Amino acid sequence: MKYANIREEELKNKIAQEYFWMLDCSKIVGNVDFCVSLHSSETELSDISTLLWAEAKKGAADIQKSISQLILTIGKARTFDKTLPPAYLGAFDAEKIAFVPYSEITDVFYQNDFNWNVTPSNHETREFKLILTKVKDTLDAQALIFYYEKDQKELQNFIKQNFVAGKYGITKTRIDKNNFMVIYNKWLTAVKPTINVNWDFAKKVGIIDGDFYLADLLSHENETLKDKLYVLLKKDQYQLDRKLNESGLFSSQSTGFNDKQKAHIQFWNKYERPPKEEYWDYIVGRRDLLVPQDVRERKGSFFTPQIWVELSQKYLADTLGEDWQDEYYIWDCAAGTGNLLHGLTNKNNIFASTLDKQDVDVMHDRIKNGANLWENQVFQFDFLNDNFDKLPKNLKKIIDDPEKRKKLVIYINPPYAEVSSLGIKSKAGVNQSKCHEKYINKIGTAGREIYTLFLARIYDELLGCKIAEFSKLKILQGSAFILFRNYFKCELLKSFVIPAWTFDNVKGNFPIGFKIWNTNSESTFVSTISDVYDHNKKLIGEKTFYVTNKKEYINKWISQFKVKENAIGFLAGTNGNDFQQNGIVYILNEKKQMANPRGMWISFENIIQISIYFSIRKAISATWLNDRDQFLFPNDGWKTDVVFQNDCLAFTLFTNNIQCKYGTNHFIPFTEQEVGAQERFESNFMANFIKGKLKKDNTNDIFGNTDTSCTTPLTFSTEAKAVFDAGRELWRYYHQCLNNTNTFLNTKPNANASLYDIREYFQGRNTKGTMKHKSEDENYTLLIADLRETLKLLAKKIEPKVYEYGFLK
């Protein structure tokens, strides 16, 4: 509730300031709670000087009762005889505001034999109940209700468009191709729950809530105007599953509302229906956006942006020849509503199939409106389950002829769903298809993803064809796709990569590749150079993608350095080799801090190797382009580069997640004297290690403090020294704060604090327990900013070595 726990007078002030600030809310009209008027300079432009009379209530109130009370207030004082009535009556409380045109209520003031001489605020009187009953149907049908938090923009637009001089009638929010999805999301919460449909069952038979939304959207006075939709609205009923019966007559099923259409009417009162006719085909063509997420992932309802459609067709022309559309047959076997085929010119050679009948109906409707396809070559087909005998005869002849298959292009943007990304109920849609059963032993865990099953069947049953497909890059470099690559032996002719987030409803910062394969040329994929485009279709360079085997991965390298004794910490996250897995790589006190720990213990013996591993995983930021790049088993160059090794240690010391509450902090890089500590640290291991004060002849005794210089002091680059200097100042300030006060800011102070502990001390945590991003301490803010800046420079120093020593290609 936006304005919870405030008094009524304060609520009126806030509503006036936040929503009607451009108007005059200072006038007092009779006993009306709240009045909105034009400024005196504007009244000469309008016959109406006041725009709104409203009842105000603190907390959450019944809008209809509030407006009924307002009517009694006005009628008792006969305010309309003394002041020109407003354009609207209304009511508001702490969460919502409602408007109803005054003209819709006028008749109630002219009732015969009605006793107006009652207390309006007494909702138990006979007169109040009579007014409430009389206006209830009008308010159900005509009231416009806006919730401050979820309808903020609509409310602001309504006031801007309707509370103006000389305005007659209501201007509602217009719907176009830019906002129909925003309105759909609001419709989901406001209207969908009131439709008498078992949505779980509906989903199984191919009915989606978006079909009901389209029926609502493309209607006038609750009559759907476009008759080719899967669902039609007929006043207070929806008609669906319309088909010809044996008698040649149309039959259909229908359903209504569980609230007598109240929520439906109130919702659509705020919007102008239908949109302009010029938008109808676009909105229907984007039905894919209205498909629920789990269904969309399983069936592949991901709309390919037009800029990538055009670019992919250019690459096809460059690869297959200028006349490729005349020389090749084209089949999109995951067509959705057919937008990937937009721009193709030779409809005689184009075939489109999709899993959903509704999508077929949309494409057929688009054909009637000029889409360049033949209706009999657009058909329903479940590519992962149906037999090819179900295909149209002309397409079946092509795929049955080995020579004609060489002139077939499977042009697709297949579904990207994988078992691990879906809920339990949805897994059956991924891993129980006939193709999954047939190919899982041949392609291994790659079979968990739908698009690989498409490619496996195409390669198996349509060998000789060309494949032009959009998909993730796991098939090129994923560590779990080795079996798939050994099975799918095609020549990669050409490719480009683009950001995944440019596709509607695709979440994630990773690349999607368009790849053209020749299945008639057997070739095991090793590497390729792809063109790279940014989100604006600008060519920004090239990138090499390559295959690695498990023996070449970085986790194979680091596993050589496992230890069992004298642990000073734990490296977590050694079960992922690419950038997208960097988020699970941590240095912690204990293994038990992770729910499912995969990693290794840290000690004197492997601290340098662990620091190298950790630094190269963290020093280079993950981007959409490198998201799938694999970290590799390095060459031997790092072994003799002592400065590189020590720089990695410096980077690690100031980027780990060591916390005192989980055990002794062995990672303090300074002595007590350096930072002004008032008590001895529990461990001086790291400071001694850096200064060369650990015993050389007994490396297992890593916790003993000694002044005997046995090991060699470490040398650091200029960039690393700057990090130590910035860190030292931060530690000094922390200890200064501990020494100068007996109070503490956000956590209990600890002389053994790690960097994480110091951040927590100054930044604190929010109500959800998450560390805040900022601190109110200005000195700390400057010191931590300085440390972070020096770490960025050190990371840049480390980065070229990562490639030089083969940790990345």
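**Local features of the predicted model**

Asp-326 is placed in helix α13, which covers residues 324–327; helices here are DSSP runs of type H or I with at least four residues, strands are E runs of at least two, and both are numbered from the N terminus. The structure is a predicted model, in which local features need pLDDT of at least 70 and side-chain atom pairs count only at pLDDT 80 or more, while totals for chains, interfaces and linings use all residues. Residues are numbered from 1 along each chain as its sequence is written, and side-chain values use heavy atoms, with hydrogens and water left out.

Asp-326 counts as exposed because its relative accessibility is 54%, where exposed means over 50% relative accessible area, buried means under 20%, and partly exposed lies in between (1.4 Å probe, protein chains only). Together with Glu-322, Asp-323 and Glu-327, Asp-326 forms a negative surface patch. Such patches are made of residues with over 30% relative accessible area and no salt bridge, with like charges joined within 9 Å and nonpolar side chains (Val, Leu, Ile, Met, Phe, Trp, Tyr) within 5 Å; a salt bridge is a side-chain nitrogen of Lys or Arg within 4 Å of a carboxyl oxygen of Asp or Glu.

Ile-283, by contrast, belongs to helix α10, made up of residues 280–285, and is buried because its relative accessible area is 0%. When residues up to four places away in sequence are not counted, Ile-283 touches Phe-180, Leu-214, Leu-217 and Pro-275, a contact being defined by heavy atoms within 4.5 Å. The C-alpha atom of Ile-283 is separated by 57 Å from that of Gln-609, which is 326 residues away along the chain. In the loop between β12 (271–272) and α10 is Pro-274, and the peptide bond that leads from Arg-273 to Pro-274 is cis, with omega near -10 degrees.

Two residues other than glycine have a positive phi. Gln-261, with phi near 70 degrees, lies in the loop between β11 (250–255) and α9 (262–268), and is buried, as its relative accessible area is 7%. Lys-537, whose phi is about 70 degrees, is found in the loop between β20 (527–533) and β21 (539–546), and it counts as partly exposed at 31% relative accessibility.

A further loop, between β22 (569–572) and β23 (586–588), holds Asn-582. With a relative accessibility of 8%, Asn-582 counts as buried, and, leaving aside residues up to four places away in sequence, Asn-582 touches Arg-617, Lys-618 and Phe-631.

Conventions
Areas by Shrake-Rupley, 256 points an atom, 1.4 Å probe, with all protein chains shown as cover. Lys, Arg positive; Asp, Glu negative; His and termini not counted. Charge placed at Lys NZ, Arg CZ, Asp CG, Glu CD.
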